[in-house]
Amino acid sequence: MGAPGRPRRPAGRAAFQTDRVALETPDPHGRPRKVCVMNADGIERALARMAREVVDRARERGGELAVVGIRRGGVHLAKRLRKHVAAVTGAEPPMGTLDIALYRDDLSELAVAPVVGPTDIRFPVTGKTIVLVDDVLYTGRTVRAALDELTDFGRPRRVLLAVLVDRGGRELPIAADVVGVQLEVPDREQVEVRLVEGGAQQDEVLVKPRGHA
Amino acid sequence: MIGKHRHLTGLEPLTREEILSVLELATSMKEVLRRPLKKVPTLRGKAVVNLFFEASTRTRTSFETAAKILSADAINWTSSSSSVTKGETLVDTALNIEAMHPDILVIRHPAGGAPELVAQHVSCAVVSAGDGAHEHPTQGLLDLYTLSEHFCAAGGAPAGAAPDFGVLAGKTIAIVGDVSHSRVARSDLHGLTKLGAKVRVCGPPTMIPQGIEAMGAEVHHQLRPAVEGADAVVMLRIQHERIGDPLIPGTREYSKFWGLNERKAAEWLTPSCAILHPGPINRGVELAPEVADGARSVILDQVENGVAVRMAVLYLLAGGAHEAAEGGARA
């Protein structure tokens, strides 16, 4: 049995405990807050647990595992997750990257067309268990676009969604299968995953007011 | 928008950075073009009208393919079967088409400046697909892309790697043929000089416009000094349909002095020199068939890159209907 209030897991699967971080109530005077909810150690521990959970879930239904990161933050995390998966299974699964800019549903609402980066999937998607990796799960629109793009490359046997942070606030009926940390963050605040691969001085997950540096 | 531009009527108004932004986007578009399922939903619900007042197969098909891969609806309009034959003006035609709410008008016209004129009267985006002897901006862009790709590959870059467009700086490109009547030559000249390449133009004196040196070109009237040591050669088509008075005594003489055959290519060109041609080729006139189909030819790469570049242009001009900041709301 999982924790109270969490979805029940099928019998026979190991219980993985997702970190839940209770953020302090917003400052009553409305002053902006900036909270570090995960440091480098926390991120690495979460990824190691996520990798074990991914392998465990993939074993349930079979199918060769492959990891696909959603650009940009998801790609760095996918590379790390892939290494942790290899530590569990002894082999690195194939890795790809997705850029969802051409699959967004809001091009007409933007002043400037979003920057389109490379999508690079060099293995056959059909029949694989794809672990789709992103840094933050919020509205669910990025994941919807990523699923659309992924299925244009083939018909995966199964897609698992792994995110480092689930911040709530979904606008589409999308849920992650594997989560590093679960937060309840109001819309006026943003979650920023800073990674050294992306140019940050140190790995950390911050919650801060929208638009603050 | 391409930088601050709502329309693309030439490469002359674009800055180096604006040109680079289109070329870099074209790299991502080329990846889409090479997918087994070549279709992305980004321009779904947008309409692109190809208004062609001149015959064209390659450019029109290229724009149509680009629009369809991006899921836009492509509508082809040709003047021969239209009210232009009944005396309708260019602006009236454009206003009538615009009343059908297209998002982008792609215009080819025999008169230089026609897309610019239309752009002043319509609210949708306008792209020139070649206007008179003025410019052919997407051909210029695809030539820049193809040249960069060739130079990167020649420099040892792995196959399929994204080209580095800085590679054009310092390279020497020879443009040979009827430069006076060539909109391709003008767009190439603007694009290449902005990206730091040196340009030589070559042809009979009757085909080289006066004052072209002011655009940064080195003028030659003999083929050998123009192509010797060049990193690439752009061979232009003799445009019989555009030339009123004959500018050359005959195609045989032109071929002898300014055409490129296998012997000249072997003796005068460097081993890595690429040969480009905007097409369609007058085989045996500007290019011998063995050269057009030879190992140095990147002519079919130009055609493939043309679709990728046009996808990039359509994406940039169709994106963004009204002002709205792109926040971090998506995830």
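The UniProt annotation "binding site", taken from an unreviewed entry, covers Lys86(B), Arg183(B) and Arg237(B). These residues span 152 residues in sequence, and the farthest two C-alpha atoms are 31.7 Å apart, so the annotated positions do not all gather at one spot. The model described here is predicted.

| Residue | Relative accessible area | Class |
|---|---|---|
| Lys86(B) | 72% | exposed |
| Arg237(B) | 18% | buried |
| His136(B) | 3% | buried |

Lys86(B) is found in the loop of chain B between strand E2 (73–78) and helix H3 (90–98). With a relative accessible area of 72%, Lys86(B) counts as exposed because the cut-off for that class is over 50%.

Arg237(B) also belongs to a loop, which runs between strand E8 (232–235) and helix H8 (251–258) of chain B. Its value of 18% is under 20%, and Arg237(B) is therefore classed as buried. Leaving out residues up to four places away in sequence, Arg237(B) touches Asp178(B), His277(B), Gly279(B), Pro280(B), Asn282(B) and Glu286(B).

With Arg108(B), the side chain of His136(B) makes a polar contact, side chain to side chain, at 3.3 Å. His136(B) itself is placed in the loop between strand E4 (125–131) and helix H5 (137–154) of chain B.

How values were computed: Residues numbered from 1 in each chain as written. Chains lettered and ligands numbered in written order. Predicted model: local features only at pLDDT ≥ 70, side-chain atom pairs only at ≥ 80, totals over all residues. Heavy atoms only, no water. Helix = DSSP H or I, 4+ residues; strand = E, 2+ residues; numbered from the N terminus. Buried < 20%, exposed > 50% of the residue type's maximum accessible area, 1.4 Å probe, protein only. Polar contact = N/O pair within 3.5 Å; in protein donor to acceptor, adjacent residues only side chain to side chain. UniProt positions renumbered as here; feature names shortened; annotations may be inferred. Contact = heavy atoms within 4.5 Å.
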